[in-house]
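This report looks at one helix and the core around it. Keep the sequence and the model in view while reading.

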Amino acid sequence: MRAVVQHRYGGPEVLELADVDAAEPAADEVLIRVEAVAVSAGDVFLMRGEPRMVRLAFGLSRPRRPVPGRDVAGEVVAVGPAVTRFRVGDLVYAESDQAGWAELVTVPERFVARRPTSVDAVHAAAVPVSGTTALQGLRLAGVRPAQHVLVNGASGGVGGFVVQLAKAMGAEVTGVCRGAKADHVLAIGADHVIDRTAEDFTAHEGRYDVVFDLVADRSLGRTRRALRRGGTLVLSSGRGGRVFGPLGRIAAASVTSPFVPQHLRTLAAKRDGDDLAEMTRRIDAGEVRPVVDAVFALERAAEAVARFEAGDVRGKLVLAVR
């Protein structure tokens, strides 16, 4: 099968299209013929091997698994003998454990869900990682109707879902983004927009019940001041130092939280088929719509990643495999 591979860490130039062996599904796995697969921040971090500590798990000098990609949407073409919920021909999407930028991928049944009937495969591929991350973060914050939620990084993949899900939960939502993306953030449902290049959201002391921080461009102390007493800060950013990434910020939040009048929570998003099924229900109910900025052919993966790193994306970038 065709797949995008990388045999060393680096920029988009390390990505190439190659023929690789297709996997066979294990007993509890489904084999998905991939129609579309998204480009996520995690894919880009792992491509570069940053922060450096991730190489302890993914390969010290080069990736142990050379095919990147996690957000897949397609059709079931084979199932293992222990699979009970899916059969050949089902239209599904899933968060795979790498290996998604390819024509075929195997995924354990528990991480797979039927994709929404109201969107095509390209838009379905925009959902798994970003949608479930947003859902789990808002659940961690305990968002309730009439609360005021601020989303720092509202124009991206996760941020766009946070805005829409928080609105569906009855919250008032303020999105922080570059001014050029303000129209997009308002169009997906935000009540207010703050232009990060012209205004510091942390100057609004005590205004928000929840701050969902996807950017980490302000100090922990300054970010916390934007919260009301009893409010919750959700930290969800893979950025930070080149070696340890966000670990310093996570540690500071853990140490600080017991001694301040707000709750500081670190989001460790995980693959969850039930959460993905909830996203299916919400999309088909019209509460949420996946936003795709641009679609690239699989062989143009390097170009898509370069576009992602340029920071001009609204929503998600998707690779069309079929």
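## After the helix

Helices (H or I, at least four residues) and strands (E, at least two) are DSSP runs, numbered from the N terminus.

This is a predicted model: local features need pLDDT of at least 70, side-chain atom pairs count only at pLDDT 80 or more, and totals for chains, interfaces and linings use all residues. Residues are numbered from 1 along each chain as its sequence is written, and side-chain values use heavy atoms, with hydrogens and water left out.

## Helix α5

Helix α5 covers residues 157–168, 12 residues in all. From first C-alpha to last it reaches 17 Å, close to the 16 Å expected at 1.5 Å a residue (1.5 Å times one less than the number of residues).

Of its 12 residues, 10 are buried, so α5 is largely enclosed by the rest of the structure. Buried means under 20% relative accessible area (1.4 Å probe, protein chains only). Among the buried residues are Gly157, Phe161 and Leu165. The buried residues of α5 pack against α4, β8, β9, β11, α9 and β15. Contact means heavy atoms within 4.5 Å.

## The nonpolar core

The largest nonpolar core has 45 residues. Such a core is a set of buried Ala, Val, Leu, Ile, Met, Phe, Trp, Tyr and Cys residues joined through side-chain atoms within 4.5 Å. α5 gives the most to this core, with six residues.

Met279 is among the residues with the most contacts inside this core. Leaving aside neighbours within four places in sequence, Met279 touches residues including Tyr93, Phe161 and Leu165.

Notes. Buried < 20%, exposed > 50% of the residue type's maximum accessible area, 1.4 Å probe, protein only.
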